[in-house]
Amino acid sequence: MKENIEPIYRSLGEAISASLGHEAMGLQTLKAAGEIGVPGILGIGIDEGKGFSFLLLEYIDSAPHIKTYWETFGRQLPRPCIIGT
């Protein structure tokens, strides 16, 4: 679980539209492209009692190390993500 210790938002809608919401949208975009392994989003929200927002992600096992990892990753990264569109 990734925690974001920032000011509490007035509503869950505000939290989702803030930084973790943008991160969630980016992960969904990468996952939809189907080229690289991306964890599914299990939850996003705020804990008003503890004062943080959170993004809960699916666990993905580590893959074996390969020499061409970064080269392969670069080829598989969807083009819209590279040029920022």
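Strands here are DSSP runs of E at least two residues long, helices are runs of H or I of at least four, and both are numbered from the N terminus. Two strands pair if DSSP finds at least two bridges between them.

Before you click around: this is a predicted model, where local features need pLDDT of at least 70, side-chain atom pairs count only at pLDDT 80 or more, and totals for chains, interfaces and linings use all residues. Residues are numbered from 1 along each chain as its sequence is written, and side-chain values use heavy atoms, leaving out hydrogens and water.

**Stop one: a hairpin.** Select residues 41–47, strand β2, along with residues 52–57, strand β3; the two run antiparallel and are joined by six bridges. Now click Gly-43: its bridge partner in β3 is Leu-56. Four residues sit between the strands of this hairpin, and Gly-51 has a positive phi near 80 degrees.

**Stop two: some rings.** Rings of Phe, Tyr and Trp (its six-membered ring) pair if their centres lie within 6.5 Å; planes under 30 degrees apart are stacked, over 60 edge-to-face, and the rest tilted. That rule gives three aromatic pairs. Show Tyr-69 and Trp-70: their ring centres are 4.8 Å apart and their planes sit at 85 degrees, so this pair is edge-to-face.

Tyr-69 and Phe-73 are four residues apart in helix α3 (residues 69–76), so about one helical turn separates them. Ring pairs link Tyr-69, Trp-70 and Phe-73 into a cluster.
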